[in-house]
Amino acid sequence: MKYRIQQEAREGTMLINMGPSHPAMHGTTRVMLELDGEKIINCELEMGYLHRGFEKICENKTFFNMLIYTDRMNYVSPLINNTGYVMTLEKMLGIEAPERAQYIRVILNEFSRVCDHLTALAAMCMECGAFTVFLYMMKAREYIWDLMEQTTGARMTTSFIRVGGVRSDFPSDWKKTTRIAIDETRKVLKDCHGLMSKNKIFLNRTRDVAIVTSELAINYGWTGPCLRSTGVNYDVRKAFPYLVYDQLDFEIPLGERGDNFDRYMVRMQEMEQSLRMVEQCMAKIPRPSSSSEPVTKGLEPAEAIKASRTKKPEERIKLSPNLEGTEKEKYPGILSGKKYIVPPKEDTYTNIEGLISHFKLFMSGHGIRPPKGEAYFAVEGGSGELGFYIISDGTDKPYRLHLRAPCLHIVAALEEIVRGNYLADIIPTFGSMNMIGGELDR
Amino acid sequence: MAISKEKILEDLKQKFSDNILDMTVQFGDDIIHIKKEALLDIVNFLKEDPYAFTMLLDLTCVDYQGEEERFEMVYHLFSLSLNQRLRFKARLQQNDCKIVSLTPIFKNANWLEREVYDMFGVHFAGHPYLRRLFMYDGFEGHPLRKDYPLRKQQPKIHLR
């Protein structure tokens, strides 16, 4: 079958490929262009280069195992994906995370959003020639990832948000790391504002380029910063508040014209709002249920098992899910829903109830089994409404799972909005859309 | 004044009493089962004021293998002014898996329907350019159908 662009090609124009190995296409999208000189008169997008069959895999995995696949959707802000998936399950199971866990989730979600925006803007600015901004923004992201790394143990594939709460509590010195991350990000944002927001070269390439009206954006199903740049006030965090967002004070930055610059500016301002939210959470977060000092004294697991053969050991055991000392005492603060959480390791190893609940969670045919039915739940992802639509047939595997990827709807509009612009305009336009291959192609 | 969800459902019931098969609520989400012939009318009706369901949030399909009405199209509509989401479902026969396209109403339906065509083999009447979205030209079968094996491999295709 011939491509549409080939069918519609006019006499005397040039058909040209951009991507999939073009650096500005982020490696996974192919744009076919029909050019008249430098003017784009027709455009077609081809994608699927990163298609991994996410939805098919999910139908063959248990609800617990699937969590790791959600990391790999939007790999710039995996924690938001985790939250979206886990909260859809929680909606079906009818459980709610403890308050401290909700605050932890919000802090990590907002930092992920900052990371997402930083990465998107860094790439966009770099493609417009501002390499300094790219480096500065990567530097800020590094400070944020320090906290992520300390907390989750991973930089990208976190799988940290669990059904019923989070995997572990913050480390003892998290407030210091967070403070540094916020301050350094603020500094970087100030620098980047100074470098870009009034930069003539940048403005020439973004101001009034690829204007999207609010009607067009709504018709395309745009959400997130891109929709807000056209002046439509819709944010899932305000419209359908989840976690503790209704207790936080934040504003939703809006754009006016819906051009590339507005999409840039909305993201810049949103990052400041996210940092504000993190600060509020730091002040409001409930105290941990036990001291946050890691347990270093106690029995080695092997000794504990030996001791447990005769009687239940009184002493604490060093091993825990995060290998930092036992976490059993923190569980009430960060996890709820006894049937759906991995029991603390010392319980699994030393008493029969723990062992049974461990097996009940991991044996095939058992585990997390939401009641029969279907649910749709959405969180505000980095580039828009990230929705999970899960159909359960009562077993431990989903009958069908569908991810509403925000950037599919946004990128779908590219064909139309670059038409009539110049070839070079594609690059900031595509950059401002924040296309994430993993999420687009699934 | 904002219209409540109950009022919307009531209005729908009155106007399309013949075409609405069932209305249920699951986990707090409203689900409306409709006949596939009425899809365009219902969407057009809801798109106008005062309901203003102007956004197609999501469009997907579910394969119920073994049932006579095998495919189920799922539409999520969203109204910005009312802040309401609604889910519509229409069943398709296995030997006639064809439904009207929403591309004249929603522009993002273009890609979403291409995805469903790619993954399930559902055809959309009136779609301007029904081509596979994720898989390549020449791919055989539809991966998200329940009878497509998880680890099936297809022969490599030649470079074009």
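Reply: Let's begin with contacts inside chain A of this predicted model. DSSP runs give chain A 20 helices and 8 strands. Its radius of gyration is 24 Å, close to the 22 Å from the globule rule for 442 residues, so chain A is as compact as a globular protein of that length. Along the principal axes, the C-alpha trace spans about 90 × 50 × 35 Å.

Now zoom in on one pair of helices. In chain A, α5 (residues 99–127) packs with α19 (residues 426–433) at an angle of about 175°, and their axes are 8 Å apart. Angles over 145 degrees count as roughly antiparallel, which is why α5(A) and α19(A) get that description. On the α5(A) side, the contact is made by A:Ala123, A:Met124 and A:Glu127. From α19(A) come A:Ile427, A:Pro428, A:Gly431 and A:Ser432. By type, the residues of this contact divide into 4 nonpolar, 2 polar and 1 charged.

Finally, let's turn to the partner chain. Here, 31 residues of chain A are in contact with 28 residues of chain B. Several elements of chain A supply at least two residues each to the side touching chain B, including α4 (78–93), β7 (385–392) and α17 (406–412). β6(A) gives the most to that side, with 4 residues. The residues on this side of chain A divide into 13 nonpolar, 10 polar and 8 charged.

Note on methods: Residues are numbered from 1 along each chain as its sequence is written. Chains are lettered from A and ligands numbered from 1 in the order in which they are written. This is a predicted model: local features need pLDDT of at least 70, side-chain atom pairs count only at pLDDT 80 or more; totals for chains, interfaces and linings use all residues. The radius of gyration is taken over C-alpha atoms; the globule rule is 2.2 Å times the number of residues to the power 0.38. Two residues are in contact if their C-beta atoms, placed from the backbone, lie within 7 Å. Ala, Val, Leu, Ile, Met, Phe, Trp, Tyr, Cys and Pro count as nonpolar, Asp, Glu, Lys and Arg as charged, and the others, Gly among them, as polar. Axes are lines fitted to C-alpha atoms, for helices over the stretch in contact, and angles run from 0 to 180 degrees between N-to-C directions. Angles under 35 degrees count as roughly parallel, over 145 as roughly antiparallel, 65 to 115 as roughly perpendicular and the rest as oblique.
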